[in-house]
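Today I'm going through the salt bridges.

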Amino acid sequence: MLTPSALHQLQAIVGETRVKTDADSLKTWGVDWTKHFTPAASAIVFPATTEEVQAIVRLANVEKFALVPSGGRTGLSAGAVAASGEVVISFDRMNKVLEFHAADRLVRVQAGVVTEQLQQYADEQDLYYPVDFASAGSSQIGGNIGTNAGGIKVIRYGMTRNWVLGLTVVTGKGDILRLNKGMIKNATGYDLRHLFIGAEGTLGFVTEAEIKLERKPRNLKVMVLGTPDFASVMNILATFQAQLDLTAFEFFSELAVQCVTASGDIARPFSEVTPFYALLEFEALSEVMEEQAMGLFEHCVEQGWVINGVMSQNETQLQNLWRLREDISETIAKYTPYKNDISVLISRVPAFIADIDAIVTENYPDFDVVWFGHIGDGNLHLNILKPADLSKEDFFAKCQVVNKQVFETVQKYDGSISAEHGVGMTKKPYLGYSRSPEEIAYLKAIKQVFDPNNVVNPGKIFDLEA
């Protein structure tokens with residue numbers, strides 16, 4: 001817990017106005033989008049430089065208080081929740097683009113740069129940052145790196161890890177490390193950069209990152225196809241992927257469409273109602289490629305895999321079709337959904353989703369379930385909606401009952417209990433379903449090397465023995 005002396009020293013490091021302890025601030029920071037844990041931070045600190053972060057971490061080691069990183073607060077695993085009196089380090093002030101190397105297509109940014117800010121900066125350089133997701137307007141690069149964020153373009157461009165060429169970090173011991181320094185080729189031993197990507201701030205805090213950029217995609221087209229069953233979604237994926245380089249392949253259920261269109265802002269893609277929908281995106285670099293896509297669509301109709309479909313004819317229609325997928329999380333939020341972010345090999349998805357559907361149907365026959373996800377990379381999002389007449393506590397308790405069955409099924413298919421949202425605290429009890437005891441022992445040993453006093457984001461991913 002933070003002592004008055006430690007609070008005074010924090011104020012000396014960053015300035016008195018940059019340390020907040022008022023009730024409103026404590027409710028605003030040290031939280032994320034999860035609703036499972038009550039935030040209980042001691043203070044919020046707003047550093048502006050790597051050196052200030054270093055001084056805070058070193059003070060935490062001396063004064064024995066814990067630190068939790070806070071970025072855009074859009075996480076879904078409670079990885080940035082301060083629930084035990086921790087001091088929250090907000091990266092909101094560290095939001096600058098520091099350097100751009102045109103020949104390398106490389107940009108150096110602070111951890112608090114918002115994802116959309118980086119995307120816009122890349123666009124101004126006539127380049128492209130392809131990691132994208134619904135929370136891009138508020139999520140921060142440091143948080144994306146901490147969870148190795150994925151999103152809607154993984155099938156073509158990969159995860160955040162694929163775009164990080166260098167990191168500046170402050171370890172749990174309070175050391176500043178510059179990792180890989182933006183180089184593509186660097187064969188000089190262990191690449192510690194990759195330990196920090198996906199570590200959820202448990203080894204130390206990312207303060208700067210060197211990010212690779214890409215050429216802009218050209219003449220993107222989006223198709224939304226209605227399918228009679230989930231197996232057809234997989235057939236569509238195989239058909240299109242065999243002949244086109246897809247930049248995205250998503251799926252969602254009819255209930256998801258109903259939730260998105262209920263606001264009246266977005267129309268249904270076509271009049272027919274189908275159980276599932278596939279959304280695919282590709283670059284139509286020539287008329288021949290567009291004709292090829294239409295030929296594949298017609299083939300899928302002939303096979304009975306597609307009932308109806310639509311292809312974007314302009315940028316506005318493309319954005320509206322994407323909103324059918326991207327607005328799902330926002331429009332179901334009012335139902336306080338119980339979420340699971342899980343993944344398996346693409347080849348195992350049909351059998352896996354059938355098993356999970358059977359478990360949910362047996363245990364929650366009266367609950368509405370919204371399926372959606374990045375089916376092109378094997379990542380499924382299972383969302384169980386809370387009935388209006390059930391309290392949040394009772395609802396989550398009921399959902400917890402089948403967690404064991406769901407994660408046993410994940411383990412059966414050699415999958416992951418968290419595909420892109422991290423482990424945090426919500427998935428911590430289930431880590432053993434994706435990682436062996438030997439792996440977890442190595443993870444804990446690595447944590448103790450970088451953070452021997454367990455001051456940075458303790459209690460996330462796993463607990464260390466006292």
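I call a residue buried under 20% relative accessible area, exposed over 50%, and partly exposed in between (1.4 Å probe, protein chains only). This is a predicted model, so I note that local features need pLDDT of at least 70 and side-chain atom pairs count only at pLDDT 80 or more, while totals for chains, interfaces and linings use all residues. Residues are numbered from 1 along each chain as its sequence is written, and side-chain values use heavy atoms, with hydrogens and water left out.

Entry: the count. I took a salt bridge as a side-chain nitrogen of Lys or Arg within 4 Å of a carboxyl oxygen of Asp or Glu. I got 21 salt bridges by that rule.

Entry: Arg-156 and Glu-283. I find this pair bridged, with the closest N and O atoms 3.2 Å apart. It links distant parts of the chain, 127 residues apart: Arg-156 sits in helix H6 (residues 154-157) and Glu-283 in strand E14 (residues 276-283). Helices (H or I, at least four residues) and strands (E, at least two) are DSSP runs, numbered from the N terminus. Glu-283 is buried at 4% relative accessibility, whereas Arg-156 is partly exposed at 31%.

Entry: Lys-412 and Asp-355. Here the closest N and O atoms of the salt bridge are 3.0 Å apart. Lys-412 is in helix H14 (residues 392-412) and Asp-355 in helix H13 (residues 349-363), so the bridge ties together parts 57 residues apart in sequence. I read Lys-412 as exposed at 58% and Asp-355 as partly exposed at 26%.

Entry: Lys-447 and Asp-451. I have their closest N and O atoms at 2.7 Å in a salt bridge, and both residues are buried.
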